[in-house]
Every structure is written in structure tokens, then in C-alpha cells.
Amino acid sequence: VGLLGADNARERIDGMKAALAGSNVELIDVRGDDIDMTRAKRNVEDALAANPDIDCMVGFYCYNPPRIYEVLKESGKLGEITVVAFDEDPITLGGVKEGTIACTVVQQPYEWGYQGMKLMAAYLEGDKSMIPENALVIVPTAIIDASNVDAFEAELMLEDPDSNPFLPLFYDDPERHALATQIFFLFQRVDQVRALRQIDLFRRP
């Protein structure tokens, strides 16, 4: 995982621990990389060396599953260890398609931005009825596996996180910068949709 102290990392880890409680699956180790790609890959190598009989590896940030994939491929263990992923990196989706990654949990960033703007507009008009008592609006995730990866990939419009200037700020202070980060991604998605409509316009007879 990237930042062990970040809310999104902590909640994912806690959720996994809760799901594993009472099962015969043992969580051996959790390693943070501080969003350092070299360290992320080294974490996989070190975990594999320390636990050669490990059965499963989970990558919580979008770049973690590709690093797991790379190390397992280099070590000749790709396909022998179950990999569970998060997000829709092309390497991750390729692993799902070939069966070397069991599944990936994907989010709906467009819906995050849309619901956020919708709530904000209503709030500014004085309507607070859409805000839950716990102030949390849950946007459902989806599980992508071999049965639906082709359909998912056909409709996929990937974000460009490198162009979002708020993303590093979000990792440092999620509560303060979450809205700006998602609004940027929302307008990025609007531009993608607009470009697709323009292409469709030129394709019409």
C-alpha cells in the first residue's frame, strides 16, 4: 500500500482484516511505500523472500498490483500466488484477462465528482436533506474478474492522475483536498466524453 496512515489505505486494510476474521487466512504483513515506485517493488521482493510459502498478495494502490505482477513474473511465480488488486491499471486488467490476477476492485470517480457537485449545489440552495447523518455518501465499487473484464475494458475511460495537481495534496491531507481532486477528475472525464462525442459526430453518415 502507499501511505499507511492515509484514510483510504487504513479503511481498505481494516476492511480486509474484518473480512478475514474467523477464516483460516492469516494476514502476515502490511508494507507501505510512501508512493515510491522503487520501494513498492522492493516491498514485494522482500515480502516474497521473507515468506516463500505465501499464498496471496494484495495491492491496495493502483500501482501496487503492477509491481506485484512484475516481481512474480521475474521470480517465476506468476500464476502460483493469488493476486487481488485495486483499480484499473492496464497491467492489472491484463493480468485479470490472462488469469494471473484473480480480480480487481474498481471505483467510480465520475460518480464521486457528480454526486459531490450535486450535493454541493443542493447545499448552496439551502437543501441539506441529501446529506446522511454520518456525512458519508458511499459510491459502490465493482469487482472485475475474468467474467466481466472484457466488457469493463470496452467502456473504460482511464484517468490521467499525473495531470491532476491536487492528487499529491490529497495524499497528504485527504479531508482538505478530496473535493478539489475529484472535481479535477470530473472535468477531465467531461473532456473525455466531449472528445468521444466529437469523434462520433464525424463518424455519422
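User: In this predicted model, which residue of β2 stands opposite Val58?

Analyst: Strand β1 covers residues 56-58 and strand β2 covers residues 82-86. The two strands pair in the parallel sense over 3 bridges. Opposite Val58, the residue in β2 is Val84.

User: Which residue of β3 stands opposite Val84?

Analyst: Strand β2 also pairs with strand β3, residues 103-106, in the parallel sense over 3 bridges. In β3, the residue opposite Val84 is Cys103.

User: Through which helix does the chain cross from β2 to β3?

Analyst: β1, helix α3 (residues 64-74) and β2 make a right-handed β-α-β unit. The crossover from β2 to β3 is a right-handed β-α-β crossover as well. Its helix spans residues 90-98 and is α4.

User: What is the pattern of helices and strands along the sequence?

Analyst: The chain has 8 helices and 4 strands. Read along the sequence, they follow the pattern α-α-β-α-β-α-β-α-β-α-α-α.

User: How many aromatic pairs does the structure hold, and is the pair of Phe60 and Phe86 stacked, tilted or edge-to-face?

Analyst: The structure holds 3 aromatic pairs. In the pair of Phe60 and Phe86, the ring centres are 5.3 Å apart and the planes stand at 45 degrees. Planes under 30 degrees apart count as stacked and over 60 as edge-to-face, with the rest tilted. The number of pairs is therefore 3, and the pair of Phe60 and Phe86 is tilted.

User: How many residues apart in sequence are the parts that the pair of Phe60 and Phe86 ties together?

Analyst: Phe60 lies in the loop between β1 and α3, whereas Phe86 lies in strand β2. Phe60 is buried at 5% relative accessibility, and Phe86 is buried at 14%. The parts that this pair ties together are apart in sequence by 26 residues.

User: What is the angle between the ring planes of Tyr61 and Tyr63?

Analyst: Tyr61 counts as buried at 3% relative accessibility, and Tyr63 counts as buried at 8%. Their rings form an edge-to-face pair, 6.1 Å centre to centre. The angle between the planes is 85 degrees.

User: Which helix gives the most residues to the nonpolar patch on the surface?

Analyst: The patch is formed by Met120, Tyr123, Leu124, Ile131 and Leu179, with about 480 Å² of accessible area together.

User: Is Tyr123 buried, partly exposed or exposed?

Analyst: Tyr123 is found in helix α5 and is one of the residues of the nonpolar patch. Its relative accessibility is 43%. Buried means under 20% and exposed means over 50%, so Tyr123 counts as partly exposed.

User: Is Glu125 buried or exposed?

Analyst: Glu125 lies in the loop between α5 and β4, where β4 covers residues 142-144. Its relative accessibility is 71%. The cut-off for exposed is over 50%, so Glu125 counts as exposed.

User: How far apart in space are Glu125 and Glu175?

Analyst: In sequence, Glu125 and Glu175 are 50 residues apart. Along its principal axes, the C-alpha trace of the chain spans about 55 × 50 × 30 Å. From C-alpha to C-alpha, the distance between Glu125 and Glu175 is 23 Å.

User: What percentage of the residues in the chain is buried?

Analyst: The chain has 205 residues. A residue counts as buried at under 20% relative accessible area. Buried residues make up 32%.

Notes:
Residues numbered from 1 in each chain as written. Predicted model: local features only at pLDDT ≥ 70, side-chain atom pairs only at ≥ 80, totals over all residues. Heavy atoms only, no water. Patch = residues over 30% accessible without salt bridge, like charges linked within 9 Å, V, L, I, M, F, W, Y side chains within 5 Å. Areas by Shrake-Rupley, 256 points an atom, 1.4 Å probe, with all protein chains shown as cover. Salt bridge = Lys/Arg side-chain N within 4 Å of Asp/Glu carboxyl O. Buried < 20%, exposed > 50% of the residue type's maximum accessible area, 1.4 Å probe, protein only. Pairing = 2+ DSSP bridges. Right-handed = clockwise from strand over helix to strand, strands pointing away. Phe/Tyr/Trp six-rings, centres within 6.5 Å; stacked < 30°, edge-to-face > 60°.
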